[in-house]
Amino acid sequence: MRGRHLDAYSAYKRVASKDPINAYDREESAVGLVNGKGIGNPSWKRSLPHMLVAALSSFLYGYHLGVVNETLDSISLDLGFSGNPLAKGLVVSTCLGGAFVGSIFSGWILDGVGHRRAFQMCALPMIIGASMSATTKSLWGMLLGRIFVGTGMGIGPPVAAIYVSEISPAFVRGTFGSFTQISTCLGLMGSLFIGLPAKDIMGWWRVCFWVSTVPAAVLAVCMEFCAESPQWLFKRGRGTEAEAEFEKLLGAAHVKFAMAELSKSDRGDELETAKFSELLSGRHFKMVFIGSTIFALQQLTGINAVFYFSSTVFKSFGVPSALANVCVGIANLSGSILAMILMDKLGRKVLLLGSFSGMAVAMGLQVTGASSYTSGSGALSLSVGGMLLFVFMFATGAGPVPGLLLSEILPGRIRAKAMAVCMAVHWVINFFVGLLFLPLLEQIGPQILYTIFATFCLLAVLFVKRNVIETKGKSLQEIEIALVPPQ
């Protein structure tokens, strides 16, 4: 096995670097037939329930992002800070701060206790934080609850992305990975829908927080019955347990080949703990750099500024905030469903290129709508239409692809910690874009600001074109062997 593994590397060295995965795949095709790859794809129905349970963490992520959108005014009145914009901002931003902390530690949690326990450690602070927020009588109680919730939000996305990629058959990994984005959309829309009565019913905002404890509890309980990641078990030297989980996820006929695939990527260092310094230098640095840059560019396009402040833009044209939220939610959900359908057909790179290009065009429409040459219905159509198109195009690629792609291209030994670093970059950029959006909008105006966002969209297109490889249909082990050079 080890000799064949070295032969694969020799083959990798002989091919052009632009398409290492397909070159390696050609080298391995005959071997795959011998080991069982030729018996057909495993049933996706076996891994589907496990993926759906994991997607609850993404639903909770979306729910808590939007839960204060419709309820913030009611919360501020009940807790006595209605005339304090700083306090309102803290209710939102403390959650982001907690998410940053959670994302930083997610890799070490995942490597230490495994995926199932990591999901439960994601659900627990969400239950505690939501309960604190629902019962608090003061601003400080609300902020503490939001920090707890944010910590769970930070742990959830990287754990979900890695877990889904490791339990999914290669031919549906993109589809399953996209479903986490759909779950986020459903959570966001659910929080907005449940929050609608908050302006009319006193104390309804407390119900909104209590509701979120139900899916969190379901996640924690159901994870007891879900499969552990075979890759994580294999890294821990628990091969027999890994075989049992593969049988649960893929079926008995595919266990032998799946274990052989894991053995191919075993370089003798799997049991060693990945050090933080390895992520910033050496042979793994390029993958971490690509992941961090994609997440940074994703946020620098201004997507979360659009999500946070879309109601303000709609209100300036006389459109009610409730209608605005519904329109943005539908655009986001529609794009996410389209991404799920196309992910394993067109591939990750094509969707990223199309998504960022479409976002640049959408920002161009908003720049035109904000110019002095358009007014009245023309400005309304360009600004609102451009915003909805921007959200739709984001959801078709720039939203779901980065997390999935990173969980695929990062080597198994550093996957959890490297994903944690990349997600931490995401949260930092997210925080500063949200913090600076309104001040910049007032100081430099929408035309220049939207032009800056469009420029970042185009930079993202160039970066993806030059640095991202296609991974659809390949096993995680094939991708790792092809991309990571030997020591």
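Student: How many residues of helix α21 are buried?

Tutor: Eight of the eight, across residues 476-483. So α21 is largely enclosed by the rest of the structure. Keep in mind that this is a predicted model.

Student: Which residues are the buried ones in α21?

Tutor: Leu476, Gln477, Glu478, Ile479, Glu480, Ile481, Ala482 and Leu483.

Student: At what angle do α19 and α21 cross?

Tutor: Roughly 70°. The axes of α19, residues 401-409, and α21 come within 8 Å. The two helices are therefore roughly perpendicular to each other.

Student: Which residues make that contact?

Tutor: From α19, Ser407, Glu408 and Ile409. From α21, Leu476, Ile479 and Leu483.

Student: New topic. Where is leucine 352 found?

Tutor: In helix α17, which covers residues 348-369.

Student: Is leucine 352 buried or exposed?

Tutor: Buried. Its relative accessible area is 0%, and the cut-off for buried is under 20%, so leucine 352 qualifies.

Student: What is leucine 352 in contact with, leaving aside neighbours within four places in sequence?

Tutor: Gly397, Ala398, Val401, Pro402, Leu405 and Val464. There is also a C-alpha separation to note: leucine 352 and proline 400 are 9.3 Å apart by those atoms. Along the chain they are 48 residues apart.

Student: Now glutamine 299. Which helix does it lie in?

Tutor: Helix α14, residues 285-300.

Student: Why does glutamine 299 count as buried?

Tutor: Because its relative accessibility is 1%, and under 20% counts as buried.

Student: What does the side chain of glutamine 299 make a polar contact with?

Tutor: The side chain of histidine 426, at 3.2 Å. Beyond its neighbours within four places in sequence, glutamine 299 is in contact with Asn304, His426, Ile429, Asn430 and Val433.

Student: Last one, the whole chain. How many helices and strands are there?

Tutor: There are 21 helices and zero strands. Of the 487 residues, 57% count as buried.

Student: What share of the contacts join residues at least 24 apart?

Tutor: 84%, among contacts between residues at least 6 apart in sequence.

Student: And the accessible surface of the chain, what does it come to?

Tutor: About 19500 Å², of which 67% belongs to carbon and sulfur atoms.

Notes
Residues numbered from 1 in each chain as written. Predicted model: local features only at pLDDT ≥ 70, side-chain atom pairs only at ≥ 80, totals over all residues. Heavy atoms only, no water. Helix = DSSP H or I, 4+ residues; strand = E, 2+ residues; numbered from the N terminus. Buried < 20%, exposed > 50% of the residue type's maximum accessible area, 1.4 Å probe, protein only. Polar contact = N/O pair within 3.5 Å; in protein donor to acceptor, adjacent residues only side chain to side chain. Contact = heavy atoms within 4.5 Å. Axes fitted to C-alpha atoms, helices over the stretch in contact; angles between N-to-C directions. Parallel < 35°, antiparallel > 145°, perpendicular 65-115°, else oblique. Areas by Shrake-Rupley, 256 points an atom, 1.4 Å probe, with all protein chains shown as cover.
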